[in-house]
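Here are my notes on the model. Please read them alongside the coordinates.

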Amino acid sequence: MRGITKRFGPVVANDRVDFSLRPGEIHALLGENGAGKTTLMRILYGLYRADEGQIIVEGQPARIASPKDAIGLGIGMVTQHFALVPPLTVAENVVLGYTDGFRVDPARVRAQVQEAAARFGLEIAAGALVSHLSVGERQRVEILKALYRNARVLILDEPTAVLIPQEVDTLFATLRRLCADGLSVVFISHKLKEVMAISDRVTALRDGKLVGTVDTAQTAPAQLARMMVGRETFGVARQGERTPGEPVLQIERLGADDDRGLSMLKNVTLSIEAGEILSVAGVGGNGQRELAETLCGVRRPRAGRILVNGQDLTAARPHEFTAAGVGRIPEDRHAGAVGELTVAENLALEHLGEFTRGGVLNREAILSNAAALIAQFQIKARPTDRARTLSGGNLQKLLLARVLSRQPCVVIAPQPTRGLDIGATEYVRNELLAQRERGAAVLLISEDLDEILALSDRIAVIYEGEIVGVAPAREADVETLGLMMAGATREGARVREAV
Amino acid sequence: MNAFVVNLIAAMLRVATPLLLAAVGETFAERAGVLNLGIEGTMFFAAFLGFFVADATGSLWIGLLAAIISGVLAGLLMALLSVTLGVNQHVSGLGITLLLTGLALFAFRLRYGGRSTPPAIPPFPLLDPLPNVPILGNILQQYLLTYVAFLVVAPVAWWLLYRTSFGLNVRAVGENPEAADAAGVNVFRIRYLALGIGGGLMAAGGAFLSLSQLGAFTHGIVAGRGWVAIALVIFGNWHPIKVMLGALIFGGTFALQLRLQAIGLQLPIPYESFLALPYIVTLVALVLAGRNASYPAALLKPYRRE
Amino acid sequence: MFEKLSRPRLRIEKAPAPPWQRALIPILALLITFLLTSGLILWGRANPFEAYYYFLVEPLSSRISALEVLVKATPLILTGVSVSFAFAAGYYNIGAEGQLYAGAIAAAWLGVALRGVPPALAILLMIFGGFAAGMLWALVPALLKVKLAVDEVVTTLLLNSVMAFIVSALLNGPWRDPKSGWPQSPEILLNTHFPKLVPRSRLHLGFVVAIIAALLLWFIVSRTSIGLKMRAVGLGKQAARFAGVSVSRTMLLAALVSGGIAGIAGVSEVAGIQFHLIGELSPGYGYTGIIIATLGALQAIGVAAAGLFFGLISTGAQTVSRALGVPVYLGDVTQAAMLLVTLAMLLLQRYRIRRA
């Protein structure tokens with residue numbers, strides 16, 4: 001790829017980027033969120049069109065206008081959000097868009113796909129419904145899908161983000177074997193350790209620009225970090241140990257169902273003290289969402305109790321949680337604010353009672369409230385802007401402002417930095433630490449172990465809806481946490497039960 | 001009493017025919033992710049056009065063909081609005097229904113004016129494959145389109161959806177168009193095709209009413225059957241064979257109330273309560289089945305690449 | 001230097017259109033719609049220009065026919081407001097037609113029952129009665145939606161059909177006019193007639209009610225907390241629930257208010273125009289209300305403007321029909337075509353034309 005430039009409105013996502021891939025190599029594409037890695041690869045896969053630049057495949061200039069063109073050139077991509085159709089079977093997903101002939105005989109297709117899986121050494125049941133598969137299995141389906149289409153280039157976009165450490169090892173072994181057979185892999189990541197472990201070469205992007213390409217064998221993590229962020233270390237971390245406080249949020253044997261009505265949370269018992277950050281670590285989909293939703297009244301618990309400062313809030317409604325001093329930052333930013341309403345309206349929505357007289361809105365109060373919060377939380381927006389026009393970071397600030405301006409005694413923060421750029425991430429992490437300093441009890445739910453290790457006082461691990469262990473952060477290590485997240489250990493040797 | 005049951009079954013199949021055709025058409029549209037509320041208007045216009053062309057050319061077959069073509073075009077218009085332009089599906093579908101209803105009424109008035117007796121044409125004849133077999137023979141006295149609907153359209157729709165690459169694409173596009181696109185499926189083309197096929201089937205259902213059942217065209221000829229068909233699709237969980245079952249239930253209820261009226265049950269209730277019965281039964285069936293309904297995940301959502 | 005050589009050319013970009021280009025959209029939509037319907041007029045062997053004169057100008061040329069435009073606009077504004085209430089909260093009430101008849105039934109009953117009641121009180125009771133009846137008919141699908149998650153589009157549509165049978169049963173049964181024997185309810189009492197706004201015209205109190213309903217729509221949706229909640233639910237259900245708004249309660253309320261206002265439309269037609277309940281009371285006002293709400297962007301001003309314009313089209317279609325013999329359904333076709341063309345044109349808002 002030569003001189004690739006891609007603009008989104010005024011934003012330049014890729015600025016004259018060059019990138020080359022050799023046969024049989026694993027080439028890491030390194031950069032922070034928003035550096036333009038995914039955009040560059042979406043161009044290669046035909047999901048975006050480059051504004052400038054050209055793509056050359058095996059010496060020939062290629063025109064890639066759609067994924068179909070890319071597939072025809074032997075390029076396959078596994079995106080972060082899997083491109084699978086859950087109600088269809090593995091086999092149907094694999095052959096989708098790549099069927100031979102009009103008729104599709106389920107038995108024959110299943111056999112073909114099973115045979116292909118065996119050939120590539122991927123362990124998958126071809127007849128299973130994708131909706132029943134784990135995340136790791138779905139990723140294998142995606143890889144099989146690309147290989148089934150005779151991909152010679154495989155693009156993996158942050159493939160380890162959803163995996164536990166042990167699954168990562170399996171993935172890496174698979175990739176090494178496939179590359180030995182001649183497959184080329186583009187490995188998009190921002191995790192230095194993984195890049196060092198798996199790649200042959202590394203290309204770093206920063207702010208849409210190419211920083212450089214180096215051989216992995218001749219570089220060191222510190223150099224890569226410099227290339228990626230322009231400096232060597234991250235800034236935000238917990239400072240010092242806390243002084244023990246009173247328990248503020250107490251969760252006792254909590255149980256809740258998932259959206260399909262199946263039991264998800266089981267017997268969750270946690271206690272968070274004032275001035276403490278307790279993190280819940282775990283692989284996505286192990287009950288984190290249900291836990292967060294139950295703790296703010298959006299989801300009804302099936303068993304157990306929730307106490308805030310001794311007040312029983314077990315089956316309370318969302319506004320009762322808010323009134324009791326529970327603030328929750330929504331997991332999905334875009335579902336947390338109403339995009340078509342203004343910033344001011346979104347900021348007032350949770351406490352409408354304070355902005356109305358006899359049911360009539362006090363518009364001046366709503367606007368001045370917004371102006372004050374915009375200044376305090378450094379949101380780059382006007383009160384009358386529609387929320388959907390805000391960037392991810394500013395939207396998150398808006399939601400933080402709505403929650404934190406109430407000085408809540410409990411802060412529930414599920415995945416608060418997911419998808420944010422580095423500046424916004426630091427801002428959010430600093431805010432959480434400020435809440436801890438202020439004396440709030442903070443429940444941080446995250447899939448990012450680095451974030452958890454940097455911020456928490458104590459770490460709990462959730463697996464299949466159960467808390468499998470709680471330990472002070474200074475005693476935790478990645479290895480053990482990984483094993484617990486995989487459900488391998490109930491209580492690791494070095495992780496003491498601390499409740 | 002035996003004759004009562006035989007007549008009931010025969011009428012059930014007859015009444016269910018237009019619903020089955022239309023509901024299978026709607027199944028295609030919704031499986032591809034588009035709710036086509038143009039169904040009522042498509043049926044109404046096809047009922048008119050089929051009659052009009054048959055009357056003008058003297059050929060029922062040309063009338064039927066013209067009706068089906070109009071339905072395909074109506075489906076493509078829906079595709080233009082909802083797929084290409086991404087307009088709200090509820091509003092664009094209703095708009096199409098209102099447009100086609102108005103067009104049919106306009107043209108009918110223009111062509112037939114204010115005649116005192118509504119014009120009529122000789123309709124398609126009933127087939128009588130087993131004239132000498134007592135019970136079965138009577139039940140099998142049906143219109144050709146009834147045979148086609150039950151023995152060809154529904155099974156072929158099932159086969160298309162579950163046994164062909166086209167059907168796989170339709171189902172994928174209605175569940176997760178992003179995934180289908182990434183896999184190299186042309187989301188837009190599949191949705192256009194599904195809506196076109198669906199529109200043709202809806203129109204066949206509408207034309208059945210004027211060309212087979214009635215041999216005439218009246219303002220109340222469709223009378224909400226399109227909406228019933230939409231309910232049947234939900235009831236049948238977007239599966240052609242289960243949709244057929246739903247059409248039979250509605251047809252059975254409708255036939256039953258017709259017989260009850262005909263027998264002249266001297267009950268102190270107005271005959272309209274019989275007429276309303278099938279709609280209420282549909283509603284109840286919808287409520288009972290709707291609780292487990294698994295809507296195509298991408299229904300109502302326009303697909304955009306960026 | 002090179003720039004001077006290159007020809008200036010127009011370029012279409014994906015960016016919000018500037019205001020002056022947006023202002024052109026409705027005008028362009030109108031022109032395209034009329035171009036399309038011209039085909040029908042020609043088919044009706046009339047001269048399109050002459051037809052458009054009768055269609056759009058003639059109704060406004062005399063006082064009486066101009067007032068008739070307001071008469072025709074009355075039920076359209078009411079159903080447009082009704083639909084806007086529901087749609088604003090993300091509740092797709094397609095049942096305004098049935099709810100209108102529910103209100104009309106209540107009016108036909110109260111209009112006979114309120115013997116001896118002073119007119120002012122009687123009329124107030126008629127309006128409230130119609131509101132309650134429309135609400136009641138909207139209650140079943142609304143409850144099914146919020147309690148059992150049954151799709152309201154299908155249920156409201158099916159209930160429209162059921163309501164048509166109820167009306168027919170009443171008119172062919174107990175309410176058949178004893179004097180004429182026609183399928184129409186007995187004439188309502190004089191004290192329940194809506195007063196005329198202008199003598200010797202058909203313009204009646206219903207028009208004022210419609211304007212008040214539109215004002216209420218504006219006030220409630222944009223100035224009250226329940227309105228903000230409705231908008232939040234309509235525009236982002238999850239986010240609204242997250243912010244502590246009770247989605248089901250808000251939706252239920254919007255659905256009921258919507259049904260009630262559609263019911264008032266029925267009262268207005270019975271007590272202002274027909275004075276009987278008849279089967280053809282509404283030529284699809286409930287459905288046209290959906291077009292009007294959409295074209296009016298669910299805003300009071302827009303709904304009122306669209307309602308008035310559609311009143312003109314309805315009146316004009318009758319004028320064209322009388323003068324040139326073009327079927328009156330030209331009006332329905334024009335209204336539906338205008339909806340579809342406008343919807344398609346609205347997408348132009350996303351693009352701007354400029355020199356490259």
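1. N267(A) sits in strand β12 (residues 263-273) of chain A. Helices (H or I, at least four residues) and strands (E, at least two) are DSSP runs, numbered from the N terminus. The phi of N267(A) is positive, about 55 degrees, although the residue is not a glycine. Most residues other than glycine have a negative phi. N267(A) is partly exposed, with 13 other C-beta atoms within 10 Å. The scale: buried means 20 or more other C-beta atoms within 10 Å of the residue's own, exposed means 12 or fewer, and partly exposed lies in between, with C-beta atoms placed from the backbone.

2. This is a predicted model, in which local features need pLDDT of at least 70, side-chain atom pairs count only at pLDDT 80 or more, and totals for chains, interfaces and linings use all residues. Residues are numbered from 1 along each chain as its sequence is written, and chains are lettered from A and ligands numbered from 1 in the order in which they are written.

3. N309(A) also deserves a look. Its phi is positive, near 50 degrees, and it is a residue other than glycine. N309(A) lies in the loop between β14 (301-308) and β15 (311-312) of chain A. It is partly exposed, with 17 other C-beta atoms within 10 Å.

4. Now the B–C interface. Here 36 residues of chain B are in contact with 37 residues of chain C; contact means C-beta atoms, placed from the backbone, within 7 Å. On the chain B side, α4 (89-112), α10 (225-235) and α12 (271-290) each supply at least two residues. α4(B) gives the most, with 13 residues. The chain B side divides into 25 nonpolar, eight polar and three charged residues. Nonpolar covers Ala, Val, Leu, Ile, Met, Phe, Trp, Tyr, Cys and Pro; charged covers Asp, Glu, Lys and Arg; the others, Gly among them, are polar.

5. Next, chain B against chain A. The contact takes 18 residues from each of the two chains. Of chain B, α7 (165-175) and α8 (177-182) are the elements that give two or more residues. The largest share, six residues, comes from α7(B). The chain B side that touches chain A has eight nonpolar, four polar and six charged residues.

6. Last, a helix pair in chain C. α4 (residues 63-88) and α13 (residues 300-324) of chain C pack at about 135 degrees, with axes 7 Å apart. The contact includes L76(C) of α4(C) and F310(C) of α13(C). By class, it has 12 nonpolar, seven polar and two charged residues.

Methods:
Axes are lines fitted to C-alpha atoms, for helices over the stretch in contact, and angles run from 0 to 180 degrees between N-to-C directions.
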